[in-house]
Amino acid sequence: GKDAAAKPAPKEATPQEAPAAPPTGEIDGAPAGRAEPGGSSAASRDTVIVAKLNGKELPAKPAVKWFKGKWLELGSKSGARFSFKESHDAASNVYTIELHITKVVLGDRGDYRIEVKAKDFCDSCAFNIDVEGGGSASQKKDDDDLGIPPEIWELLKGAKKSEYERIAFQYGITDLRGMLKRLKKAKVEVKKSAAFTKKLDPAYQVDRGNKIKLVVEISDPDLPLKWFKNGQEIKPSSKYVFENVGKKRILTINKCTLADDAAYEVVVKDEKCFTELFVKEPPVLIVTPLEDQQVFVGDRVEMAVEVSEEGAQVMWLKDGVELTREDSFKARYRLKKDGKRHILIYSEVTMEDKGHYQVMTNGGQCEAELIVEEKQLEVLQDIADLTVKASEQAVFKCEVSDEKVTGKWYKNGVEVRPSKRITISHTGRFHKLVIDDVRPEDEGDYTFVPDGYALSLSAKLKFLEIKVEYVPKQEPPKIHLDCSGQTSENAIVVVAGNKLRMDVSITGEPRPVATWMKEDEVWCGLPSQSGSGEKWTEGRVRIEQRGDISSFVIESAERGDEGRYTIKVTNPVGEDVASILLKVVDVPDPPEAVRVTSVGEDWAVLVWEPPKYDGGRPVTGYLLERKKKGSQRWMKLNFEVFTETTYESTNMIEGILYEMRVFAVNVIGVSQPSMNTKPFMPIAPTSEPQHLTVEDVTDTTTTLKWRPPDKIGAGGIDGYLIEYCVEGSDEWIPANTEPVERCGFTVKNLPTGAKITFRVVGVNIAGRSQPATLAQPVTIREIQPKIRLPRHLRQTYVRKVGEHLNLVIPFQGKPRPQVVWTKGGAPIDTSHVHVRTSDFDTVFFVRQAARSDSGEYELTVQIENMKDTATVCIRVVEKAGPPQNVMVKEVWGTNALVEWQPPKDDGNSEITGYFVQKADKKTMEWFTVYERNRHTSCTVSDLIMGNEYYFRVYSENVCGLSDLPGSPHRCISPPPGMTLKLPEYKEHDFRTPPKFLTPLPDRVVVAGYAAALNCAVRGHPKPKVVWMKNKMEIREDPKFLMTNQQGVLTLNIRRPSPFDSGTYSCRAVNELGEALAECKLEVRGEPGGGGALRSTHLTLIHKADGAGQTCAL
C-alpha cells in the first residue's frame, strides 16, 4: 500500500503542542488513487511530509512532483516556505522524498498529492494536512488571510482589478468573494513604504530574445539593495546588468529565455517588493508542411514537418486525436525532433495507421493524408518448363514485383535444399534455381512459393536421353526442330533485354556446316573436327557450335532482332534448310497525348491515347499516378489495371495545382511513364447568376441586369454569356460571343412583337454554370408613356418664400416622349422656371420661390397619340402679418380679457396660433403669457392690482411668428382698495410607497456577451434603489453599471462569466415602505456549432402623469 503523512519537525514541536502523527507511508506499486488520512500540525510550526518509493519496481530514477489540490504544482514559485529533499538508499534500493513546510498557516490545510513518473511507470498518492489554530487573534488573522501566502497578497494589492481573476486562477484561489473583501479592506489601509518610493509593477511581459528593465526607486540612495530570482540572489553578469541612476535602481535582463520566466524580488533592509516576469514565446511558423503518402502494410513511414524555431512545441493529431509521447510507448509510432524538423515514425505501418494527420503550432497548422494498402505481389516473369539432356545445366528463373520478397523451391512437394549441384539465388526481383550436371532423378515438378503470399509458380523438368547409333554410311544433313511441319510456323518469342539462345539439332555424315541468315546478314563457320564447342562469330550476336547442336545466340535481345531467321546445313551428301520466326516482345511504349479535358470542384477527367508500340503483346490496361505541383512524391490512383483510356480522378483539393501521368501495362511489364500533364487546378463552375431582371425594353432591344453568383470558387469568373429563345422554338441563340464582365447587357436586333425568354450563364475556366432564366417571357414592343409621380408630390407641396423648388419626376416611354409643363392651361414662364428633361425623368427647378409660384401645374408626357398627365400642387408660404385691433375688453381683480382680430395676410398658410406677451409699465420687460393660443382672445391672470400693463400679440403659421406684433394695448388694474379672496382647497397627497410595475424576469445569457436586467418601479418620494447579488449589495464594481431613467431600472453586466450566475434582487425604499424584485441569472458557456447566441434587450417606455407613474414594455 501507499500513504503519506504530515508530521511536526522534532526541533519545533513539543508533545503538548503537536498531536501524534501517523506513521510515514511507503509507495510500493499499489493501485493509484488510494491514500491514508493525513496528519495535523499546529499553526506557525514546521512540518515535514515523508514518502518512500520501492526502487525495485521502478525502471529508472523517478521524477517527483508535489501538488496542492488537483492541479496547483508546488515548486520554486510557491514561496520560500516550501522546500523539497530526495535521497536514495542503495542497499535497500529505497527512495525517500520529503516536503518541508516552514511556519504552517491555516491556508496550508487541505488535500495534497504526490506524483511519481519513471519512463512508462506513473503513480500518485493523495493525503490531507489539517492545521490547528493557536488562538482567537491569530485564528481571526489566518481566517482573513484565506490561506493565501503573503507574497500573493502583495501581488494582488499592486494589480489592476481586471487582473484579479487571472491571478486567482493561476494560484488556485477559489474563494473569490472573500479575496475581494480582503482586498477592499487592504486598499483602505494605505501603508507607506519607508525604503521604496516607487515599487515594481505586479507583472512584466517580454518576448523571448528581447531585453527588459525592472526599475525601483528607493528613498535613500545609500541603502544597500539586492535582487533575487525565485529566492536565489542575482549576481551581476553579461546576462544581468545592474544600474544606479540617482535614486533609481535598474535590473536589465538581456536576451530573455524561458528560464527567465520567474518571480523576482528586490530587498532593501527589511522591506521587499515582488514582481513576476512572463516570457512570451514567438509564434512558431510551419516552413515545410506535411505531404500525402501512399505506402504498403509493413513499410517504414516517416512524416516530417519543418518549423521556424528549434525546440518548438508542436502537436500531432490523427483524425482529430492528439498523439502524445506517453501514448507512443503503447502504440507503434514514435515522435522525433531533429533541430527544426519534427518527425512521426512508423517502423512497420499497419492498416490501422491510415488516416488524416495534422500538425499544429501556435502560429499555424498543416495536414496530410496517409494511405495504407495491402501488398499485392505481381509476377513479372513465370518459370518455364525445361527439357534438358544429361550432364547439362537446368535453370529455373522467375521475376516478381517486390525485391524484398523471399521464397522457397519445392520438387514434387518436397523443399529443395542447396548442394554442390543445386544453387538457389535471390538477386533483386529475380529468383533462380540452378541444377548442374542434370541426372535422370532430377526430373519432376518444380515449384516456387513466395513467403507470405498465397501464390505459387510451377514448371516441369524433363530429362532427355540421347541414343547415338553409329551408321557407317553417309547421310544427308537434317535439321531437327521441335515445331517443324508444313502447316505450323516455327516461332520463338523472347522478352526484350533477355538472352536468346536458339539451339538447333542437326545430323548428317560427314558433319554438316551450319549457316544462319537473316535477310542480307549471314553468319557461317566451319565444323569442329574435335567436336568441342566453338564460336565462329564474336559480339552480341554470334553462332556457337557444340557437337550436333548449332546455336544462334543473341545477348540482350532488342526490337531490331525481330524477324525470320534461316538455318542452312550442307555436307557432301546434300543440304537442308529451315526457318525460324523470332518475335521480340517488350513492355509497351508510354501512352501518348495525356491531357486533362475537364475539371470540377474536386475531380478531373484524364484522357490519353494508346501507345504506338504495344511491345508485341496487347496492352492489358493502364496505371495512373498523381502528385501536387512542386512535390516529388507520386501517389498511385489504381492498383488494378484500368482498361479504358478515360479516367476520372477524385478526392482532390480545389485550388491546388496537380500533375498526372499514365503507365501502359502488358503481360511483359509496365512501360515508362508518359509525359506529365500540364499543371491543372480542380475548380468548379460558378453557381447560377442571381436576381436576373429586365431593366428596359424597346421595340428592338432588351436590357438585362443581374447579380454575381453566390458561389464563385477558386476558379473565379471570366464573364457572362447571354442567350435568348423565341417563343415556339427550342433553340437558344447566343446574344454575345465573348463573355461580358459587368452584370448587365443590352440584347439588340430583336424582332418587334415577339415573346422572348432570356437566360444568363457564368463562365470560368471550369466551364459554364447553371443558367439563370427569366420566369416569364418578355414582349418586345414600344413602352407607353407613364408618369411615376413620387409619393410626396401626390399632395400639396409646401415650400417657404426664398427657398428653391427642385422637383424630379421620373417617367417611362419608348421612344423618348415629349414632355410639356403648364400652369392653369398656359405655358410656364421659362425665364423664372427652369425645366430639364432626360430620357427617364424631368426636373422642375426655381432658384428662389415666390408667392406667385403657388398653384397647380400640369405635366404631360406624350408619344404620338398616347399620353399621360399628372398634376402637381405647389404652395409657397411666408410669415403671416400681425393681428389686428388688439384691445383689452374687460379687467376684474387680477385678471384682464384681451381680444384681437386675425391678420389681414395669413402668409398663404393657415394660422396655427397666437403668441401673447405682457409687460409692466414700470419695467417694460415682456413676459410670455400664452403660446400657440388658437382663439382670438385670452384671459391674462396673476396681474398686480394697481399696476399698468401693456399687451402685444404675434400671429404664427408654419413659417413661425410674425415679424411684427399687433398694436400694444394698455390697461390699468383695479385700485388698491379692492381685495381678492381665493377659494380654499385641500392639497392632494401624492405620496405612495414603492411598487414594482415590471418584475425582474429570470434570464439565461451566454458567457462573454453583455447582459442587462430591467424592471420598473413607482413611488413618491423617489425611492432609493439598491441592487444585490446573492443578497450581497453590489457597490462600485466596474463590471456592473446601474441606471435609473424615470423609474426604469437597469443593471448592465459587462462580459459575464459563469462566476456571475446567481440570484439578483432590486430593492426600492422610501419613507413609506420598500419593495423587492428578484430573478435568477444563469450564465452558460459559448455554444458550439452555429453562430454565437446574441443577448436580447428589452426596452421599457416610461410615462408620467398627474396621477402617478406608469411603465409599458
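In the legends below, a residue is called buried when its relative accessible area is under 20%, and every view is taken from a predicted model.

**View B. Strand β37 pairs with β30 and with β36.** Strand β30 (residues 386–389) runs parallel to β37 and is joined to it by four bridges, with threonine 387 standing opposite lysine 462 of β37. Strand β36 (residues 444–450), by contrast, pairs with β37 in the antiparallel sense over five bridges, and here phenylalanine 448 stands opposite leucine 457. The hairpin formed by β36 and β37 has six residues between the strands, and glycine 452 in this hairpin takes a positive phi near 85 degrees.

**View C. Strand β56 is largely enclosed by the rest of the structure.** This description of β56 (residues 719–726) holds because seven of its eight residues are buried. Eight bridges pair β56 with strand β59 (residues 755–764) in the antiparallel sense, and glutamate 723 has arginine 759 in β59 as its bridge partner. Strand β57 (residues 733–734) also runs antiparallel to β56, to which it is joined by two bridges, and isoleucine 733 in β57 stands opposite tyrosine 724. Between β56 and β57, which form a hairpin, there are six residues, and glycine 728 in the turn has a positive phi of about 95 degrees.

**View D. Tryptophan 821 and phenylalanine 844 form a tilted aromatic pair.** The structure holds 20 aromatic pairs; in the one shown here, the ring centres of tryptophan 821 and phenylalanine 844 lie 4.9 Å apart, with 45 degrees between the planes. The pair links distant parts of the chain, since tryptophan 821 belongs to strand β66 (residues 818–823) and phenylalanine 844 to strand β69 (residues 841–846), 23 residues apart. Tryptophan 821 and phenylalanine 844 are both buried.

**View E. Lysine 627 and arginine 661 lie over the ring of tryptophan 634.** The charged end of lysine 627 sits over this ring at 5.3 Å from its centre, and arginine 661 lies over the face of tryptophan 634 at 4.0 Å from the ring centre.

**View F. Four aromatic residues form a cluster.** Trp608, Tyr622, Phe642 and Tyr647 are linked into this cluster by ring pairs.

Methods. Residues are numbered from 1 along each chain as its sequence is written. This is a predicted model: local features need pLDDT of at least 70, side-chain atom pairs count only at pLDDT 80 or more; totals for chains, interfaces and linings use all residues. Side-chain values use heavy atoms; hydrogens and water are left out. Rings of Phe, Tyr and Trp (its six-membered ring) pair if their centres lie within 6.5 Å; planes under 30 degrees apart count as stacked, over 60 as edge-to-face and the rest as tilted. Buried means under 20% relative accessible area, exposed over 50%, partly exposed in between (1.4 Å probe, protein chains only). A charge sits over a ring if NZ of Lys or CZ of Arg is within 6 Å of the ring centre and within 35 degrees of the ring normal. Two strands pair if DSSP finds at least two bridges between them.
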